[in-house]
Amino acid sequence: MATAASVPAPRGIIRRPTATTGWLSWFTTIDHKKIGLLYGFSAFAFFIIGGLEALLIRAQLAKPDNTLLNADQYNQIFTMHGLTMIFLFVMPMSAAFFNYMIPLMIGARDVAFPRLNAFSYWVFLLGGLFLYSSWFLGGAPNGGWFGYPPNSTTDPTIGMTFYALGLIITGLASSAGAINLAVTVVNMRAPGMTLFRMPVFVWMGLVVQFLLVFALPIITVALFEMLFDRRWGTHFFDPTAGGRPLLWQNLFWLFAHPEVYILILPAFGIISEILPVFSRKPLFGYQFVVFSGIAIGFIGFGVWAHHMFAVGLGPVANTAFGITTAIIAVPTGIKIFNWMGTMYGGDIHFDTPMLMAVGAVAMFVIGGLSGVTHAVVPSDYQQTDTYYVVAHFHYVLFGGAVFGLFGGVFYWWPKIFARQLDERWGKVQFWIMLIGFNLTFGPMHILGLGGMIRREYTYPASLGLTFWNQVSTVGAYLIALSTLVFVVNAVKTQRTAKGLANEDPWDARTLEWTTSCPPPVYNFEEIPVVHSIDEFWHRKYAEDKEGRLIRVPAGASDHAAADGHGGAIHLPTPSFWPLIAAVGLPTIAYGVLYSWWLVGAGALVTVIGFMGWAMEPPVAE
Amino acid sequence: MRQLDEFHEEAGARGMSDPSEVGHARHIHPSAKEYVRIGVILVILTALEVWVSYSSLPHGLLIGILFFLAFVKFGLVVLWFMHLRFDDARYSRFFIMGFAGACILFLVVLLLFKAFAG
Amino acid sequence: MADTTAHAAPVEHTSTGLPSTKLAMWLFLASECLLFGALITTYVLYRGASTTGPYPSEIFDIRYTSVSSFVLLASSLTMVLSLTAAEKRDFARMRLWLVATALLGMTFVGGQVYEFTSFYHEGLSLTTNLFGTTFYVLTGFHGVHVTVGILMLLSLVGMSWAGRLPDDQAFPVEMVGLYWHFVDIVWIVIFTVVYLIPQAKPAG
């Protein structure tokens, strides 16, 4: 068979990009590390925007009968705050870490489908921008992140149509990314990296990808049904024609409860990496942590109706879902004990990553306990739709996920940027954030039990809610201050700090630290061969007869310098096509809002993008 | 150039072209004759379905038979045309996770609505 | 590029020994189960819930739709025959069967378009009642999937014809085939749930 038949000459209108440096390369890159960075920067930008929205919310609630925002503006802002933090910050920030770290941690050169990876990123970013363009095109979504119909389907402004379309687009990005990363973990592990030698972060990554693969299609259908109701007058959720708004609630929470674990498990993975390194002990009960993570994944699909206790499902359904909800606390509790067991008797170093991780565990426990009170149906009747719920999920999602993600940022910053974030500034940030966080969300328990309902844009002074609201507002501004401290720290570090004296600054345990900082494009010169959990640690340390650690002499832990040898390694060539295919999707979405011509144009662009992609060999000549 | 193997993008395609491995995986795929036989069975079952739907059997029995026939057709396509019967069990595991998951979850949703009560 | 030529190709070294693309495809199909599951659930939930006509029993032409079902089943058969040809490296015949599959697919979609138009003229639109809403959206979603499948089949034919497929052409044919058969099994379920199970006109 002739070579010519199988390898045709590159062809097409656009010349294949080859540059891996320069500003253009960021648009064509298919390197998992660069894509990870793109995810990280974009997610952080959305974090700032979502945070500013939170500050507006708190400013509005700082005094009774406030008129800073009117009810309509308030609705848009709290809805966008929720959507931003969930879909445009925590999910992509987790994707950033998964993208950057999973291939390095399992000893691979890239993800299974590098171009699909780029496609996922661009679709996410464009989907986020699409959602935000609603502010300028007639108003942002205003029906809450849960978008309950018939309120959301009958609202006369365009916002909730943007909501349906925007979330369909970002959901598509997450689905593609999830399949890609799941296959990467299953199929791209280095020799010897069996499933039960994988770092827990990779395990949690795998569980999250499976949750995404199975949860996202459900919300996609619900969103399409909402879109049809809003745009073309169908009756899916229209009670006047026999439709059942409760169908939306079921489909939404079927997705959105697994989504809660999609948000928190990445942070659990990061915590499980940080605690052993800074306690200088292996993770206590590795198998338990892994299996409880898997159990959380499975049970997470069986608890959705606990968001609907008050809608009248009947005593049998409420009891059943109360029980499953209480059960899911068990694997979560197992993890907490494992983390405490890891620290117990350890040689603990309280560097910033460790502070963040311990803070995350402590705050998550508070949120977890208030969560258990929701599992008790009669108690939930009192709490549902009050600030008590707001307090609960911010303790798990901010307290757990955001602290955990910041821990990951401090822990892996040297790996990614070859500089170490300033420890003093980091500690200052941690303490301000911890205090600010508790001041913001602690009082919300009291407010909620005192009768303050969610999503109300203001409250009368006579209710006696003013004091704790003011405390909460002060706390929110402290969180903002701590974020500012982080930004200053990051900028200062990148400007002034010199390279790393030691490429393994934390004396870490896992494979990503065996390469240089930052890793070369090809990650590993030689694909590592893995012999145990905490492979890197075992390359550095052995035990003497009394069980004391002794450093293995240099050589075993050394990695060759990154220069020179990489030339022989062929990497997939950058490509424009993922970006082109991605651009078509928001075009279709704008078309749905404004013109069928635009739908056609967008579909054409996407099809052309995929065609070009299929015709192009992964590696150029 | 060994390292290149580590890249798999679309390279299922390239990678699978190793004759020895492919040969092993491929020659157990059914023959054209067997495919046609399955196709004929599918056509007969579909004709049976249509015939049953016109019959005047009691409602419950009718639905039971129709679901049974659909399930058999579903199984034939998945097991033979999609080769799950001959392929690595891990593919089946992925698919069953999705299929069984969908059946269970949505059955519960319908139960919550008491959709089968009346 | 040496690694795509016929016999110098390296074995794909994956941890499981399974090709990544195929794993990804099955995972995608598993995900699609949930998508169609949710749509079919919506349809089932709203069976008999329409407050005005036309009702399914007044509008369905089971014989017509049965022919469509036969067409789609036949396309699954031509799809696997194409795979057999590809495995025998008879690429001309492979392309022929692929074209046949695409044509059968187009017949199905064409039939669906005709069905939609005739239902519309009988007074059933997307907004008439819950039956119209759920019927058009469920079968429309399926139709879009078939259309995407047709595009993939035609691209495959074109790329094979232009010599732009990897040497082992059976692999991409198998992948597109998996998608195509999946769309077929979804129709098997839809045909039963939507068309065959009789649905009485609601009293009152």
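1. A:Leu484 counts as exposed because its relative accessibility is 52%; exposed stands for over 50% relative accessible area, buried for under 20%, and partly exposed for the range in between, with a 1.4 Å probe and protein chains only. A:Leu484 lies in helix H16 of chain A. Helices here are DSSP runs (H or I, at least four residues), strands are DSSP runs (E, at least two), and both are numbered from the N terminus.

2. The model is predicted, so local features need pLDDT of at least 70 and side-chain atom pairs count only at pLDDT 80 or more, while totals for chains, interfaces and linings use all residues. Residues are numbered from 1 along each chain as its sequence is written, chains are lettered from A and ligands numbered from 1 in the order in which they are written, and side-chain values use heavy atoms, with hydrogens and water left out.

3. The overall form of chain A is as follows. Chain A has 19 helices and two strands, and its C-alpha trace spans about 70 × 65 × 50 Å along the principal axes. Its radius of gyration is 25 Å, which agrees with the value near 25 Å for a compact globule of 621 residues; the radius is taken over C-alpha atoms, and the globule rule is 2.2 Å times the number of residues to the power 0.38.

4. Of the 621 residues of chain A, 63% count as buried. Chain A exposes about 22600 Å², with carbon and sulfur atoms supplying 70% of it; accessible areas come from the Shrake-Rupley method with a 1.4 Å probe, and for residues only the protein chains shown count as cover. Among contacts (heavy atoms within 4.5 Å) in chain A between residues at least 6 apart in sequence, 81% join residues at least 24 apart.

5. A:Val183, in helix H7 (residues 159–187) of chain A, is buried, with a relative accessible area of 1%. Leaving aside residues up to four places away in sequence, A:Val183 touches A:Ala112, A:Phe113 and A:Met188, as well as C:Ser20, C:Leu23 and C:Ala24. Between A:Val183 and A:Met160, 23 residues apart in sequence, the C-alpha to C-alpha distance is 34 Å.

6. Chain C and chain B bury about 5400 Å² between them, 75% of it on carbon and sulfur atoms. Their count is one salt bridge. B:Asp87 forms a salt bridge with C:Lys22, and the closest N and O atoms are 2.6 Å apart.

7. C:Ile59, in helix H2 (residues 56–59) of chain C, is buried at 5% relative accessible area. Its contacts, not counting residues up to four places away in sequence, include C:Pro54, C:Phe119 and C:Phe131.

Notes. Buried area is the accessible area (1.4 Å probe) that two parts lose on being put together, summed over both. A salt bridge is a side-chain nitrogen of Lys or Arg within 4 Å of a carboxyl oxygen of Asp or Glu.
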